Amino acid sequence: MSKAFVFPGQGSQAVGMGKALYESFAPARAVFDEVDEALGERLSTLIFEGPEADLTLTANAQPALMAVSLAVVRVLEAEADLDLARDATYVAGHSLGEYSALAAAGSLTLATTARLLRQRGAAMQSAVPVGVGAMAALLGLDYETGLAVTKQAEAETGENAVCAIANDNGGGQVVASGSKAAVMRAMEIAKEKGAKRSMLLPVSAPFHCPLMAPAAAVMAEALAEVSIRPPCVPLVANVIAAPVTDPEKIRSLLVSQVTGTVRWRESVAFMAAEGVDLFIECGSGKVLTGLLKRIAPQARGLTIGQPADLEALRAESEKV
């Protein structure tokens, strides 16, 4: 059985995530404690107790989701004999989840990852004034049609308008991002082209589009200062939907990712075509497992976010 370990992105956060792991397992407690120390604050208290409005802030949500994902991995290593180098074919993560994947695979240290994600979240939040940008889910359109919609919206909205595909999530779900007026126009065009539904997303900035260029510049500087090691298994990177192990290539792709499209559909399809038949989602929620059913229905998904989920993975291991 070929396995890929995948890591969720922003939107999967929930107050109380990871708390049962923290209370049940010392390796999980060590992860949250190390993240708190790296950031110089009790992020774990915010994760476990809220308030939700503060946890949802990009600068908090990004390191918080990573902390939960890495707590899952460390518990699996201690309690389920997980060895990523032995047991995984690939790792991948959705947007910020790519950092979680790299930390899990030993490419980045936990403390470095926490600090990078705090910087990334703050930089993405401040790159565009609130209200200037927007993001919208265009449901029922494939990527090619969605791309045509965004190009038309950009052209029709006028000079300096920006509209791009932020996420190609698969199963007829693409997300447009850019100038608010252009995104609103894209929603109208999408309906004309047969979208089942178009809806604005409750986000505070237009992620993964050219408007994020100031944030990409911040991350280029931040990433230039950190050590990146080859991951123990290849990372299937968001912006190329292909495997990478070279540290300098990883560094470059993490910068490109800030303004580039998250090519999740293609990433999962690639891994499935390479023989991956079990995708294990580590962290909060089940978003990626849900998308898997639409992208590669022949593959199976398993979510690990609670102590009780460990039994499911042990049962899978016994099948091998």
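Let's start with a crossing: α7 passes α12 in a left-handed crossing.

Before we go on, a word about the model. It is predicted, so local features need pLDDT of at least 70 and side-chain atom pairs count only at pLDDT 80 or more, while totals for chains, interfaces and linings use all residues. Residues are numbered from 1 along each chain as its sequence is written, and side-chain values use heavy atoms, with hydrogens and water left out.

Back to the helices. Two packed helices are described by the angle between their axes and the distance between the axes. For α7 and helix α12 (residues 247-259), the angle is about 160° and the axes are 11 Å apart. An axis is a line fitted to C-alpha atoms, for helices over the stretch in contact, and the angle runs from 0 to 180 degrees between N-to-C directions. So α7 and α12 are roughly antiparallel to each other. The cut-offs are these: under 35 degrees is roughly parallel, over 145 roughly antiparallel, 65 to 115 roughly perpendicular, and the rest oblique.

Which residues of α7 and α12 make the contact? From α7 we have Glu98, Tyr99 and Leu102, and from α12 we have Ile250, Leu254 and Gln257. Contact means heavy atoms within 4.5 Å. By class, that contact of α7 with α12 divides into 4 nonpolar, 1 polar and 1 charged. Here Ala, Val, Leu, Ile, Met, Phe, Trp, Tyr, Cys and Pro count as nonpolar, Asp, Glu, Lys and Arg as charged, and the others, Gly among them, as polar.

Stay by α7 for a moment. Ser107 sits in the loop between α7 (97-104) and α8 (110-126). Is Ser107 buried or exposed? Buried, with a relative accessible area of 0%. Buried means under 20% relative accessible area, exposed means over 50%, and partly exposed is in between, with a 1.4 Å probe and protein chains only. Leaving aside residues up to four places away in sequence, Ser107 touches Leu102, Ser227, Ile228, Arg229, Pro230, Pro231 and Ile250.

Ser95 is in the loop between β2 (90-93) and α7. Its phi is near 60°, a positive value in a residue other than glycine. Ser95 is buried too, at 10% relative accessibility. Ala241 also has a positive phi, near 50°. Look for Ala241 in the loop between β7 (235-237) and β8 (242-244). At 9%, Ala241 is buried.

One more backbone point. The peptide bond from Gly50 to Pro51 is cis, with omega near 10°. Pro51 lies in the loop between α3 (43-49) and α4 (52-56).

Helix α9 (residues 143-157) packs with helix α10 (residues 180-192) at about 125°, with the axes 8 Å apart. That makes α9 and α10 oblique to each other. This time the crossing is right-handed. On the α9 side, the contact uses Val149, Gln152, Ala153, Glu156 and Thr157. On the α10 side, the residues are Ala181, Ala182, Arg185, Ala186, Ile189 and Ala190. The classes are 7 nonpolar, 2 polar and 2 charged.

Last topic: salt bridges. A salt bridge is a side-chain nitrogen of Lys or Arg within 4 Å of a carboxyl oxygen of Asp or Glu. How many does the structure hold? There are 11. In one of them, the side chains of Arg42 and Asp36 meet at 3.2 Å, N to O. Asp36 is buried, at 6% relative accessibility. In another, Glu266 and Arg263 meet at 2.8 Å. Glu266 is partly exposed at 25%, and Arg263 is partly exposed at 25%. Salt bridges that share partners also join Glu156, Arg185, Glu188 and Glu192 into one network. Within it, Glu192 pairs with Arg185, the closest N and O atoms being 3.9 Å apart. Glu192 counts as exposed, at 58%.

Key. Helix = DSSP H or I, 4+ residues; strand = E, 2+ residues; numbered from the N terminus. Left-handed = near helix turned anticlockwise from the far one by under 90°.
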